[in-house]
Amino acid sequence: MSQFTPLTTQELRQRISTPIFRLISEVADEEGLECYVIGGYVRDLYLNRPSKDIDCVVVGSGIRMAKAVAERIRQTRHRKPHIAVYANFGTAQIHFDQQEIEFVGARRESYDRGSRKPIVEDGTLEDDQNRRDFTINALALCLNGARFGELVDPFDGLWDMEDGIIRTPLDPDITFSDDPLRMLRCIRFAAQLRFDIEPETRDALTRNAERLQIISGERIQDEFNKILMTDTPSRGIYDLYDTGLLAQFLPELCALDNVETRNGRAHKNNFYHTLEVLDNVARHSDNLWLRWAALLHDIGKPRSKRWDNVQGWTFHNHNYIGQKMVQGIFRRMKLPLDAKMKYVQKLVDLHMRPIVIADDEVTDSAVRRLLNDAGDDIHDLMTLCEADITSKNEVRKQRFRENFRMVREKLADLVERDYKRLFQPVISGDDIMRMFALTPSPAVGTLKTALKNAILDGQVPNEPDPARQFLIREAAQIGLHPVAND
């Protein structure tokens, strides 16, 4: 749980007695406007968390206040900050000294059920706090001189923060139905802060889960990625699953929560296994796309599951099926379909390879092939595969760890010897076409693959003359001979 620190009014004044807040305070008094810093910045003061973004609510015109603050900064600092005005929303943002300060007029909101875009009217501070998503985000500190640092907390958000609870200020069914994105934010805050979701609020998540359908893929993936990047992402993923929210956008992951027994033989629950693998990866890497690969590494298992009377339950080719599923998931969630997706596909496809190697004799040939196929992503692949060791059999787990250590040692040795020079054939496809007077054809690919495999297996040195002699022998088997002038 994040560390809560109770603060007196005097301590709050000291915390916000910075030049920018003092400047805002002076301008607010001169303009005759009530002004408060509200939301995440105030919450994070109590939780000892860094926070760069400052949200200020003004009882009146937020744009007027922002322009006045920008002008005062120009006068006192002799340079005008960048200001962005969004007249349609009644907001303005000032970028200054690596901080973003947003000013918005206090407002009340009402919603149409088919949209999360509110109907907005001018309102009081109380109206503005009523529209906030959670009690811990409704805290406001007055910035006016006479009340500087005074806390306004109508929903006991301070007590909720001390107790580590996420709760909505008003009826959670209304809060979530009005703006369903708040449901993902609820789980994201609980995961980030390691707070518990208050029972009535949690029940409302389940009742309103289908409302998530009106939220765009872009907004969903933004919140979901933040959950993935928490210290223990399984916490947030489980809450999404348990409340029915995960099924709205990642049903393939939900399908992993299945255990079938036949003839007294059951397979493991691949959903909870996936959460364990994800947490293992998170302990070693803050790479978002490696975490996505961990999340999806077994996604193909439900489609590949078969019963074999001898072997029991099998999941043959689940890695291949899984990597084919990645693109559809990324497209639905509006995730990038570029090199980041291909990276995830590669790791999903290859994640069984190191395990197969480590489960058998760790040969140079197998490691060469793995390094050739994984390329620069080899260390991320190894991190994923080591995280995939979740066996409850400690003897088997230790054997895998030892064999993975041997794989890493061999990989390090091969990289040190420059694997590209060693394993990329010195004779290219163009060279093969010239050698045998061929045009682009399957025969060229056959010969190129044969040479590459022979080099990877250590049968042929990666040097021009041995490689050429090998190709001549291989070509003769399919009726091809080198041209005389080659």
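This is a predicted model: local features need pLDDT of at least 70, side-chain atom pairs count only at pLDDT 80 or more; totals for chains, interfaces and linings use all residues.

Reply: Contact here means heavy atoms within 4.5 Å.

Me: Which residues does Ile20 touch, not counting residues up to four places away in sequence?
Reply: Ile20 belongs to helix H2, which spans residues 19-31, and at 12% relative accessibility Ile20 counts as buried, because buried means under 20%. Leaving aside residues up to four places away in sequence, the residues that Ile20 touches are Ile73, Gln99 and Ile101.

Me: What distance separates the C-alpha atoms of Ile20 and Asp97?
Reply: Along the chain, Ile20 and Asp97 are 77 residues apart.

Me: How many disulfides does the model contain?
Reply: A disulfide is a covalent bond between the sulfur atoms of two cysteines, and the cut-off applied here is a pair of cysteine sulfur atoms within 2.5 Å. For Cys56 the closest cysteine sulfur is that of Cys35, at 4.6 Å, which is too far for a bond, and for Cys186 the closest is that of Cys254, at 18 Å, again too far. By this rule the count of disulfides is zero.

Me: Is Cys186 buried or exposed?
Reply: The limit for a buried residue is under 20% relative accessible area. Cys56, with 1% relative accessibility, counts as buried. Cys186 has a relative accessible area of 0%, so that Cys186 is buried.

Me: Are H17 and H18 roughly parallel or roughly antiparallel to each other?
Reply: Helix H17 covers residues 318-332 and helix H18 covers residues 339-350, and the two pack with their axes 8 Å apart at an angle of about 160°. Angles over 145 degrees count as roughly antiparallel. The relation of H17 to H18 is therefore roughly antiparallel.

Me: How many nonpolar residues are in the contact of H17 with H18?
Reply: On the H17 side the contact is made by Asn319, Tyr320, Gly322, Gln323, Val326, Gln327 and Phe330, which meet Met341, Val344, Gln345, Val348 and Asp349 in H18. Sorted by class, this contact of H17 with H18 has five polar residues and one charged residue, and its nonpolar residues number six.

Me: Where is Lys334 found?
Reply: Most residues other than glycine have a negative phi. Lys334, although it is not a glycine, has a positive phi of about 60°, and with a relative accessible area of 45% Lys334 is partly exposed. Lys334 is found in the loop between H17 and H18.

Me: Which residues of H18 meet H21?
Reply: H18 packs with helix H21, residues 378-387, at an angle of about 50° and with the axes 10 Å apart, and H18 and H21 are therefore oblique to each other. Their crossing is right-handed. From H21 the contact takes in Asp380, Leu381 and Leu384, and the residues of H18 that meet them are Tyr343, Leu347 and Leu350.

Me: How many charged residues are in the contact of H24 with H26?
Reply: Helix H24, residues 429-436, packs with helix H26, residues 464-476, at an angle of about 60° with the axes 12 Å apart, and that makes H24 oblique to H26. Ile432, Met435 and Phe436 in H24 meet Arg468, Leu471, Ile472 and Ala475 in H26. This contact of H24 with H26 has six nonpolar residues and no polar ones, and its charged residues number one.

Me: What is the relative accessible area of Arg132?
Reply: Arg132 lies in the loop between helix H5 (125-130) and strand S8 (140-142). Not counting residues up to four places away in sequence, Arg132 touches Ile38, Asn137, Ala138 and Pro169. Arg132 is buried, and its relative accessible area is 14%.

Methods: Residues are numbered from 1 along each chain as its sequence is written. Side-chain values use heavy atoms; hydrogens and water are left out. Buried means under 20% relative accessible area, exposed over 50%, partly exposed in between (1.4 Å probe, protein chains only). Axes are lines fitted to C-alpha atoms, for helices over the stretch in contact, and angles run from 0 to 180 degrees between N-to-C directions. Helices (H or I, at least four residues) and strands (E, at least two) are DSSP runs, numbered from the N terminus. Angles under 35 degrees count as roughly parallel, over 145 as roughly antiparallel, 65 to 115 as roughly perpendicular and the rest as oblique. Ala, Val, Leu, Ile, Met, Phe, Trp, Tyr, Cys and Pro count as nonpolar, Asp, Glu, Lys and Arg as charged, and the others, Gly among them, as polar. A crossing is left-handed if the near helix is turned anticlockwise from the far one by less than a right angle, and right-handed if clockwise.
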